[in-house]
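Subject: Structure for you to look over

Dear colleague,

Please find below the structure that I promised to hand over, with the sequence beside it. My notes on it follow, and I would be glad if you read them with the model open.

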Amino acid sequence: MPIRVVHIGTGNVGRLALAGLITDPRFEVVGVCVSSAEKVGRDAGELAGLDVSTGVRATDSLDAVLALAPDCAVYCAMGDTRPLEALDDCRSILAAGVDLVGSAPGMLQYPWQVLPDKYFAPIEDAARASGKSVFVTGIDPGFANDLIPLAFSGTCRDIEQIRCSEIADYATYDGATVMFDVMGFGKPLDEVPMLLQPGVLRLAWGTTIRQLAAGLDVTVDEITESYEREPAPETFEIAAGQVPKGSVAAIRFEIQGRVQGRPLIVIEHTTRLREDLRPDWPRPAQPGGSYRVEIVGEPSYTVDICPTSRHGDHNHAAIVAAAGRIVNAIPAVVAAPPGIRTSLDLPLIAGTVLPH
């Protein structure tokens, strides 16, 4: 008996997650909710980029898809620019008696000691009252800096530091809102974008640091953040638009979880729009981009994760990976105890082999 699923949000991650749901016999897509008027009424297969007709037409009403009484909702709506609305959507879904898996809001990956209780307590209350669970995940924040480092840490006799890095060229990433409004690419260097406002990096990746600390059974005393940026040497074009000369064209930031005065857990991002920018910054393990987990201890590890795809570049492959993690987690989340679930308390989530 397939799991009846409704899907919410058909952006970069959502479109690929929807494709995964439609092509996987474990699931039956019974409803799709979208945010733009031009997508209303379109078939789920078309919105997923598939050459199939499902008979499921998109609506812009969350209440309408919840009224279908699905087993699970996949929530891939934008959370970066509307965190409070996304949190309220999650509460509504759980209160309707529907399990929830998604890519947003990212703070729900591990909200304890990161968010004030008033923001996630209503979600926990709704989950307990309905007997349902919620799991938010992705690649980074997500499995590249919680599941993978914790798996390797389990072989170590001693750990001095865990560093998780994303090193990527974002020139082909076509999400203009994330690129320009959230990250500040193409903006003057004297303008501080949403992501680099004081405390935002600690909030966005504090979930990862707190989750790793919980898995390692240590207490993080302090979380610090820092960043540097590099201007464009001339005007050039990227998938999301134009990057004027002198505007932000590369960013490197670091969030440290400090224990007894030393950086035990470090999250680092090196993001360029051209590979020739800042050659002194970390370089990816493959052209375009990769993820890296470094453990200093006994033994020490350097693990490079190089996503590739038959249908796109490294950025596309990473989004496919995030969508795959979401879709494959659905059976485990439906079976899980009520509440906010994390990588620490779900079983190992494996992929599936589709019929060919």
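I begin with Val29, which counts as buried because its relative accessibility is 13%, where buried means under 20% relative accessible area, exposed over 50%, and partly exposed in between (1.4 Å probe, protein chains only). Please bear in mind that this is a predicted model, in which local features need pLDDT of at least 70 and side-chain atom pairs count only at pLDDT 80 or more, while totals for chains, interfaces and linings use all residues. Residues are numbered from 1 along each chain as its sequence is written, and side-chain values use heavy atoms, with hydrogens and water left out.

Val29 lies in strand S2 (residues 27-33); here helices (H or I, at least four residues) and strands (E, at least two) are DSSP runs, numbered from the N terminus. Once its neighbours within four places in sequence are set aside, Val29 is in contact (heavy atoms within 4.5 Å) with Val5, Leu18, Leu21, Ile22 and Val56. From Val29 to Asp89 there are 60 residues in sequence and 19 Å in space, C-alpha to C-alpha.

Asp89 belongs to helix H4, where it is buried together with Ala86, Leu87, Cys90, Ile93 and Leu94. Seen down the axis of H4, these buried residues fall within an arc of 160°, so they line one face of the helix; the arc is that of the directions from the helix axis to the C-beta atoms. What covers them includes strand S1 (3-8), helix H3 (62-66), strand S4 (72-75), strand S5 (99-102), helix H5 (117-130) and strand S6 (133-136). The 13 residues of H4 (residues 83-95) should span 18 Å at 1.5 Å a residue, and the end C-alpha atoms are 18 Å apart, which agrees; the expected span is 1.5 Å times one less than the number of residues. After H4 comes Gly97, whose phi is positive, near 80°.

Elsewhere there is an open sheet of six strands, with mixed pairing and the order S8-S11-S12-S7-S13-S14, two strands being paired if DSSP finds at least two bridges between them. Strand S8 (222-231) and strand S14 (301-305) stand at the edges, each with a single partner strand, so one side of each is left without a neighbour in the sheet. Helix H8 (residues 200-216) packs on the sheet and touches strand S7 (158-169), S8, S11 and S12, its direction making about 135° with that of S8; axes are lines fitted to C-alpha atoms, for helices over the stretch in contact, and angles run from 0 to 180 degrees between N-to-C directions.

Within this sheet, strand S11 (residues 248-259) and strand S12 (residues 262-272) run antiparallel and are joined by ten bridges. They form a hairpin with two residues between them, and Gln260 in the turn has a positive phi of about 50°. Ile251 stands opposite Thr271 in S12, and Glu254 stands opposite Glu268. S7 pairs with S12 in the parallel sense over eight bridges, with Glu166 opposite His269. S12 is mostly covered, nine of its eleven residues being buried.

For the protein as a whole, the secondary structure comes to nine helices and 15 strands, and buried residues make up 54% of the 356 residues. Its C-alpha trace spans about 55 × 50 × 45 Å along the principal axes.

With best wishes
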